[in-house]
Amino acid sequence: MNADLGGFRAEARDWLRAHVPAAPLPSVDTAEGFQRHRAWERELAAARLSVVSWPAAYGGRDASLLEWLVFEEEYYAAGGPARVGQNGLFLLAPTLFQHGTAEQRDRLLPPMARADEVWAQAWSEPDAGSDLAAIRATATRVEGESRAGGGGWLLAGTKTWSSRAAFADRAFGLFRSDPAAERHRGLTYLLFSLRATGVTVRPIRQLGGGLGFAEIFLDDLFVPDADVVGTPGQGWRIAMSTASHERGLSLRSPGRFSAAAARLVDLWRRAGDPADTGLRDRVADAWIGARAYQLHTHDTAARLAAGGTLGAESSLGKVFWSELDIRLHETALDLLGPQAEVAAGPDGRWLDGYLFSRAGPV
């Protein structure tokens with residue numbers, strides 16, 4: 001490790017030790033928890049630690065991807081709260097850096113970094129879940145003279161299972177702007193407010209009581225041309241760029257799994273039966289998997305720093321980490337045995353983590 005990387009790690013570790021809340025925040029899927037997590041994001045932003053790899057002009061530190069990975073490792077090791085702005089920070093922002101305009105980046109990224117604007121992901125529809133190209137929500141062109149301030153688009157349709165939409169401020173989504181085009185063509189990537197006239201948000205209450213998702217109903221919502229990402233009609237290509245970031249690097253950094261694997265090893269030392277060699281081997285395999293994913297991601301970051309790009313191989317990364325996440329949590333639950341469902345304190349996190357991990361392979 002070079003001296004600069006080590007110095008940054010020490011700075012991040014010291015700050016996190018001093019500032020991470022001593023007690024877990026309320027669930028981000030509740031109104032109170034959402035606001036507490038928003039306040040935490042603002043604390044991170046004030047220290048320029050919310051988006052370390054972004055340019056300084058947008059609230060970052062111009063840090064390298066390797067430095068970002070180091071920060072993520074320290075963040076999860078310190079037990080940092082869930083990132084309420086993850087859809088914007090880790091999905092939309094990389095898309096704007098690659099396909100957005102300078103005006104969009106100047107306007108959208110600073111409030112995103114401060115959590116002044118929290119973004120929801122509005123892709124899935126009632127009849128278009130995993131088959132994203134089957135979307136039917138429409139974007140109809142409106143000429144400039146019919147709307148003050150220039151031309152734009154009228155959005156109509158329904159989005160569902162929109163993450164963070166219950167409490168978020170804005171959303172990004174894909175809309176069919178040319179119904180006559182082939183299913184992977186004629187799609188436009190658009191940004192819109194969840195507070196505007198013509199938008200109805202209906203939270204979806206989960207079995208645990210949280211509101212992590214919502215339905216979004218759009219009734220001729222006007223969106224200006226300034227909120228089109230990339231070229232109209234080329235939304236599929238841009239959406240796949242967002243998906244590459246989701247699958248390949250930013251949404252599940254290896255620090256998440258390294259910290260969980262370290263907790264699993266600690267759990268084995270506290271509660272494991274030395275005679276149960278099968279369970280012992282599963283603990284070792286989980287630790288090895290987390291380490292392998294860490295090394296792979298560092299290699300990817302080095303490749304990107306050298307001018308490479310994320311491509312279809314990023315899907316293999318998602319397959320790996322999503323299956324690792326499930327195996328790791330299943331092993332912890334087996335270690336805890338019947339107590340897993342009623343455990344309090346740190347051990348109580350394993351069941352919640354397992355339930356969340358089930359969404360990964362989807």
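This is a predicted model: local features need pLDDT of at least 70, side-chain atom pairs count only at pLDDT 80 or more; totals for chains, interfaces and linings use all residues.
Which residues of H4 are buried?

1. Let's answer the opening question. The buried residues of H4 are Gln 86, Asn 87, Gly 88, Leu 89, Phe 90, Leu 91, Leu 92, Ala 93, Pro 94, Thr 95, Leu 96 and His 99. That makes 12 of the 14 residues in H4, so the helix is mostly covered.

2. Now look at the form of H4. From its first C-alpha to its last, this helix of 14 residues reaches 19 Å, close to the 20 Å expected at 1.5 Å a residue. Follow H4 along to Leu 92 and you will find a bend of about 40 degrees, with a proline, Pro 94, following within four residues.

3. Next comes the largest nonpolar core, which has 46 residues. Trp 54, Phe 71, Met 112 and Tyr 189 are the ones with the most contacts inside this core. Helices H1, H2, H3, H4, H5 and H6 each give two or more residues to it, as do E4 and E5. H4 gives the most, with six residues.

4. Leaving aside its neighbours within four places in sequence, Phe 71 is in contact with Phe 8, Ala 12, Leu 16, Leu 44, Leu 49, Val 52 and Arg 83.

5. Why is strand E5 described as largely enclosed by the rest of the structure? The reason is that six of its seven residues, in the stretch 187–193, are buried. Buried here means under 20% relative accessible area.

6. With strand E4 (residues 170–176), E5 pairs in the antiparallel sense over seven bridges. E5 also runs antiparallel to strand E8 (residues 228–229), and two bridges join them.

7. Finally, is Ala 10 buried or partly exposed? Ala 10 sits in helix H1 (residues 3–19), and because its relative accessibility is 36%, Ala 10 counts as partly exposed. Ala 10 and Glu 74 are 64 residues apart in sequence, while their C-alpha atoms are 9.0 Å apart in space.

Methods: Residues are numbered from 1 along each chain as its sequence is written. Side-chain values use heavy atoms; hydrogens and water are left out. Buried means under 20% relative accessible area, exposed over 50%, partly exposed in between (1.4 Å probe, protein chains only). Two strands pair if DSSP finds at least two bridges between them. A nonpolar core is a set of buried Ala, Val, Leu, Ile, Met, Phe, Trp, Tyr and Cys residues joined through side-chain atoms within 4.5 Å. Contact means heavy atoms within 4.5 Å. The expected span of a helix is 1.5 Å times one less than its number of residues. The bend at a residue is the angle between axes fitted to the seven residues ending there and the seven starting there.
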